[in-house]
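Work through the exercises below with the sequence and the 3D structure at hand. Try each task before reading its solution.

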Amino acid sequence: MMDALPPRFLAPMAEFTSPPMRVLCEERGAARTFTEMVNAEGICRDSPKTLFLLETFPEERDVWAHLYGPDPDRLAEAARRVEALGRFRGIDLNAGCPVPRITAQGAGAALLKDLPRLARILEAVVRAVRLPVTLKTRLGPHPGDPVWPEVIRIARGSGVAAVAFHARFTSQGHAGAVHLDLLREAVEAAGDLPVFGNGSVVDRPSAEAMAATGVRALLIARAALDDPAVFAFAKSDPCALAERHLALELRYRKLAERVSRLTAEEATVLTFRKHLFRYFKGLPGANALRGRLMTLRTVADLRAAIAAFRP
C-alpha cells in the first residue's frame, strides 16, 4: 500500500548510480533514477568510456541522464545525442556538485557563481530536446550568498520541468544541517514549478520532515548505498541483497569489457568490494570481513564471503 509521502528518487552519484544500483533501487521502491554524472564534452567527442556511462538495462523503467559541463552549446549537443539513444525519460543538469575537479571546469556548483551562464545552459538544453529537462542544484555557494531565489527565476524563465535543491550550500559539501526552512521558502517561491528536495533523507522521519516543506519528490543518495530498501523504509535481507547486486554487477561488467582492460570478473571484484561491507555493516563478523576485503579476488570469493553471513 502506497503511503502519503512524495515519490522517492535515487539521486545521481558518481561511481555509484550505474545500472546495477539503479535496478536494485527500482525493485525496492525508487520511482525514478539517474545516471552517474556524465561529461557533456565526452559525449560530444564520442568517448567510449563516457558513452558507456549512458548504458542502461532493458528492465529500467524511469531513468534520466544526468549531465554536467560549463558550455551551453556542448551541453545542448550532448542532450540531443542522449535523446537520440531513446533510453531516457529526461535530461537532468548538474549545477550543484562541489567536487573541485568539477568546479574547476566552471561546471557543477561553480555555475551558482555564474548565473548568466546557468541561464544560457538551461535555455539551450530546453530548446535542443523534446525530453523534459530538470536541474539539480544547491541553495547557493555559501550561507552568505543564498542565490536560490535567482535560480528559481532563471529556471521558470527557461522552461525546465523541475528544480531539485540539495538543501545545503556548496560550502557544506555533504555535511552539516540541511536547511529545510529555506527549502520551504523555495517551494513557495517556485509556485507551479515543481521543487524536489535532497539532503540527508535516510529514513521515514527524515523523509517526513523534508516532505513537510511541500516538495514534490524526495531524492535519496547515500542511504540507498547502505540498503536500497530505504525507498520503502524497509530492511533488506543482506545476503539476498548482496547476491542480487553481485549478479547485476557481473552482468554490467560483461558489457563493460568493450571499454575496459579488465575482465568482467576483475572489474566486478574491484567494484563490489566497496558494496559488500556496507551490506553487512554492524553484523557479527563484519569487522573481520572489512579486514580481509582486499583478499577477495574472484567472484567465487565474493560468494563465499556472502554465504558466511547466512544463518
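**Exercise 1.** Which residues are buried in helix α8 (residues 180–190)?

*Solution.* The model is predicted, so local features need pLDDT of at least 70, side-chain atom pairs count only at pLDDT 80 or more, and totals for chains, interfaces and linings use all residues. Residues are numbered from 1 along each chain as its sequence is written, and side-chain values use heavy atoms, with hydrogens and water left out.

Step 1. Buried means under 20% relative accessible area (1.4 Å probe, protein chains only). In α8, L182, L183, A186, V187 and A190 are buried.

Step 2. These residues lie on the same side of α8, because they cover an arc of only 145° around the axis. An α-helix has 3.6 residues a turn, so residues three or four places apart point the same way.

Step 3. The cover over the buried residues of α8 includes α7 (148–158), β6 (162–166), β7 (195–198) and α9 (204–211).

**Exercise 2.** At what angle do helix α11 (residues 238–256) and helix α14 (residues 299–307) pack?

*Solution.* Step 1. The angle is about 165°, and the axes are 10 Å apart. This makes α11 roughly antiparallel to α14 (angles over 145 degrees count as such).

Step 2. Contact means heavy atoms within 4.5 Å. C239, A242, E243, L246 and L250 of α11 meet V299, L302, R303 and I306 of α14.

Step 3. These contact residues divide into seven nonpolar, no polar and two charged.

**Exercise 3.** Is T33 buried or exposed?

*Solution.* Step 1. T33 belongs to strand β2 (residues 33–39).

Step 2. T33 counts as buried because its relative accessibility is 0%.

Notes: Axes fitted to C-alpha atoms, helices over the stretch in contact; angles between N-to-C directions. Helix = DSSP H or I, 4+ residues; strand = E, 2+ residues; numbered from the N terminus. Parallel < 35°, antiparallel > 145°, perpendicular 65-115°, else oblique. Nonpolar A, V, L, I, M, F, W, Y, C, P; charged D, E, K, R; others polar. Buried < 20%, exposed > 50% of the residue type's maximum accessible area, 1.4 Å probe, protein only. Arc of directions from axis to C-beta.
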